[in-house]
Amino acid sequence: MATPDFIRELRTSIGRQLLWLPGVTAVVFDDEGRVLLGKRVDTGGWAVIGGIPEPGEQPAETAVREVYEETAVRVVPERVVLVEAQPKIRYPNGDICQFMDVTLRCRAIGGEARVNDDESLEVGWFALDALPSLEDYALTRIKRAVESGPTWFQGMGEEPQMPGVGVSRSDDTPQEPAL
């Protein structure tokens, strides 16, 4: 994900120390029930679409903007799927961040899926029974978006059934991003 200008400006003052940030993930479905994914430039892996809100931007606005910027697909947010603090991560340049993710289920209403910026290698629609290899982060969000239940909050309900997802860390050691 491209680093927003406001974060670059903050980094000039705070250096590499922990930066607590909002994040928004959009799990987008089309009329056929397929999910929209992007193959990321930074990791080479398939992922759900997401990004960092601009200061003052609402999560639903962020989802609409990020999906369009990355895939040229127009969406309407339908509901909050989950809210979850992520583990700390240390980026290869030494920056430490921790994200509070708000995941929204979205419905595609227009546009043709295509690479629309420099953050994606490919974008495409995938049937739920034919997903490419995805990290647990993405799988959990897709699973929660498919469910018709209420918003899921970490620690406030049953734990996810996928290994390594939703397990509370007992230490504050930053995790390296999966590459």
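Against which strands do the buried residues of helix 3 pack? This is a predicted model in which local features need pLDDT of at least 70 and side-chain atom pairs count only at pLDDT 80 or more, while totals for chains, interfaces and linings use all residues. Residues are numbered from 1 along each chain as its sequence is written, and side-chain values use heavy atoms, with hydrogens and water left out.

Helix 3 spans residues 136–146, and its buried residues are A138, T140, R141, I142, R144 and A145 (buried: under 20% relative accessible area, 1.4 Å probe, protein chains only; helices: DSSP runs of H or I of at least four residues; strands: runs of E of at least two). These residues pack against strand 1 (19–29), strand 2 (35–40), strand 5 (74–85), strand 7 (96–110) and strand 9 (152–153), where contact means heavy atoms within 4.5 Å.

| Pair with strand 2 | Sense and bridges | Bridge partners |
|---|---|---|
| Strand 8 (120–126) | antiparallel, six bridges | K39 and E122 |

Strands 2 and 3 form a hairpin with five residues between them, and G44 in the turn has a positive phi of about 80°.

The structure holds one aromatic pair (ring centres within 6.5 Å, taking the six-membered ring of Trp; planes under 30 degrees apart are stacked, over 60 edge-to-face, the rest tilted). The ring centres of W46 and F126 are 4.9 Å apart and their planes stand at 75°, so the pair is edge-to-face. Because W46 lies in strand 3 and F126 in strand 8, the pair ties together parts 80 residues apart in sequence. W46 is buried at 16% relative accessible area, and F126 is buried at 16% relative accessibility.

Conventions. Buried means under 20% relative accessible area, exposed over 50%, partly exposed in between (1.4 Å probe, protein chains only). Two strands pair if DSSP finds at least two bridges between them.
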